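Please open the model in a viewer and keep the selection tool at hand.

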Amino acid sequence: MGAYMSIDRPIYVTQPYLPPLDEFIPYLQQIWDNKILTNAGPFHQQLEQALCEYLGVEHLALFTNGTIALVTALQALRITGEVITTPYSFVATAHSLLWNGIKPVFVDIDPNTLNLNPAKIEAAITPNTTAIMPVHVYGHPCDIDAIQKIADRYNLKVIYDAAHAFGVECHCGSVLNHGDLSVLSFHATKVFNTFEGGAIVCPDAKTKQRIDYLKNFGIADEVTVIAPGINGKMSEINAAFGLLQLKHMAVISERRKEIDATYRKLLSGVKGIRCLGDGGEAVANHSYFPVLVGADYPLSRDALYQRLKEHGIHGRRYFYPLITDFSMYRDLPSAQKNNLPVATAAADQVLCLPIYPALQEHEQIKVIDLISR
Ligand code: T4K
């Protein structure tokens with residue numbers, strides 16, 4: 001351990017960006033003055049507007065978190081039956097289907113992007129299929145054109161789990177403008193955070209109106225409830241924090257970009273380590289830094305994970321285990337390993353390295369050094 005004992009604080013896979021506390025006080029003062037704490041208050045409305053402008057989208061509905069936003073997105077489009085999705089994601093993706101009584105049908109991923117493989121989708125479509133739920137894993141865009149072509153051919157809806165894709169642009173602007181709906185997460189571990197939070201991006205005012213009803217118990221006015229809605233509202237305190245955070249996005253993005261570039265440069269010569277990403281997007285958000293630990297690396301992925309941990313560096317094996325390994329999914333026919341060879345291999349090789357604005361240069365060098373030695 002020797003030289004690395006000098007690390008005096010644990011280095012996590014991520015750490016939320018927190019603007020100076022004194023910058024938040026005026027927002028709190030305003031909440032204290034007007035006493036509007038929630039239910040589409042002034043900060044909530046301002047943040048929806050500001051995010052539409054920042055992200056380059058037409059309509060956006062804020063939510064209490066990304067998972068409730070996913071559950072509501074499926075309700076908003078009245079999705080039933082079977083939905084094609086990926087096993088290589090955070091469990092919330094598939095859980096949102098189960099919470100709606102929908103059967104997930106798992107399809108394998110592309111070996112380069114680790115996103116849902118469009119070439120495998122058609123074989124999984126049945127008369128009960130109503131939608132596709134792909135994930136822009138690590139903020140790397142899916143093959144949106146190929147997915148849309150299939151959806152059009154079979155009259156399926158597309159709901160993107162865009163939890164990782166804040167600010168990501170593809171060849172034709174924001175990646176969030178693709179599919180029928182895109183769902184964001186603003187959890188503390190995300191590029192842009194509101195402590196907890198999320199949003200649904202939708203293409204038209206009518207859909208946003210329905211989503212807004214659904215996230216507020218289905219209430220249309222004091223005496224009218226139009227649907228069995230849920231409570232998915234973001235509070236004023238979270239929205240205020242989001243507005244402040246947005247002011248700091250340029251600094252956040254720049255620092256993440258630098259860290260990403262340093263990893264790529266210094267790990268490029270390390271045999272057996274493959275850095276993912278760096279290609280599919282016109283504007284990347286560098287939300288994660290996943291590497292694949294190959295058979296030609298001297299240690300297994302788990303041994304490397306452990307080695308870093310012993311030196312206070314807590315990488316994460318996102319996404320291991322696969323969603324299909326969990327008990328509520330593993331008995332589905334589509335969850336069988338022989339149906340998912342690429343996802344199964346990726347889950348055994350992936351390690352996400354620390355990336356966040358406050359990561360110090362010497363800390364990153366230590367991570368790289370431990371991997372390279
Ligand atoms: N879809 C996808 C594809 C997602 O990745 C997610 C969430 C969702 C949907 C659902 O969105 P939300 O409902 O969460 O809005 C984390 C997050 O809880 C989760 O939001 C995220 N994906 C997932 C990939 O990661 P854990 O259990 O790995 O987080 P945790 O608590 O171990 O945090 C990781 C590290 O971050 C910690 O070791 C230290 C650091 N950390 C974390 C928190 C919460 C901090 O420094 N401060 C903090 O407050 O799930």
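**Pockets, cavities and a helix**

The lining of the second largest pocket comprises nine nonpolar, five polar and three charged residues. This is a predicted model, and the pocket in question has a volume of about 260 Å³. Select Gly-167, Ser-253, Val-283, Ala-284 and Asn-285, which are the closest to its centre among the 17 lining residues. Next, colour α2 (42-55) and α8 (249-267), the elements that each give two or more residues to this lining. The most comes from α8, with five residues. Domain 1 (11-17 + 249-372) and domain 2 (21-247) each supply at least three residues to the lining of the second largest pocket.

Now move to the largest pocket, which holds about 440 Å³ of space. It is lined by 27 residues, and Phe-90, Ser-185, His-187, Thr-189 and Lys-190 are the closest to its centre. Highlight α3 (66-76), α4 (92-98) and β9 (181-185), the elements that contribute two or more residues to the lining. By class, the lining of the largest pocket has 12 nonpolar, 12 polar and three charged residues. Both domain 1 and domain 2 give residues to this lining, so the largest pocket lies between them.

The cavities come next. How many cavities of 30 Å³ or more does a search of the whole structure find? There are two.

For the largest cavity, with a volume of about 50 Å³, select Ala-163, His-164, Phe-166, Ser-185, Thr-189, Lys-190, Val-191, Asn-285, Ser-287 and Tyr-288, which line it. Four of these residues are nonpolar, five polar and one charged.

The second largest cavity has a volume of about 40 Å³. Its lining includes Thr-14, Gln-15, Pro-16, Tyr-17, Gln-245, Ile-252, Arg-256 and Pro-357. By class, this lining has six nonpolar, four polar and two charged residues. The second largest cavity lies between domain 1 and domain 2, because both give residues to its lining.

Finally, select helix α9 (residues 301-310), whose buried residues are Arg-301, Leu-304, Tyr-305 and Leu-308. Viewed down the axis of α9, the buried residues fall within an arc of 105°, so they line one face of the helix. An α-helix has 3.6 residues a turn, so residues three or four places apart point the same way. Display the partners of this face: the buried residues of α9 pack against β13 (273-275), β14 (289-293), β15 (313-314), α10 (341-349), β16 (350-353) and α11 (361-372). End at Gly-312, which follows α9 and has a positive phi, near 80°.

Definitions and conventions. Residues numbered from 1 in each chain as written. Predicted model: local features only at pLDDT ≥ 70, side-chain atom pairs only at ≥ 80, totals over all residues. Heavy atoms only, no water. Buried < 20%, exposed > 50% of the residue type's maximum accessible area, 1.4 Å probe, protein only. Helix = DSSP H or I, 4+ residues; strand = E, 2+ residues; numbered from the N terminus. Arc of directions from axis to C-beta. Contact = heavy atoms within 4.5 Å. 1 Å grid on protein atoms, 1.4 Å probe; cavity = no way out; pocket = protein on both sides within 12 Å on 5 of 7 lines; lining within 4 Å. Points joined across faces, edges and corners; volume = space filled by probe spheres on them. Nonpolar A, V, L, I, M, F, W, Y, C, P; charged D, E, K, R; others polar. Domains from an automatic or database assignment.
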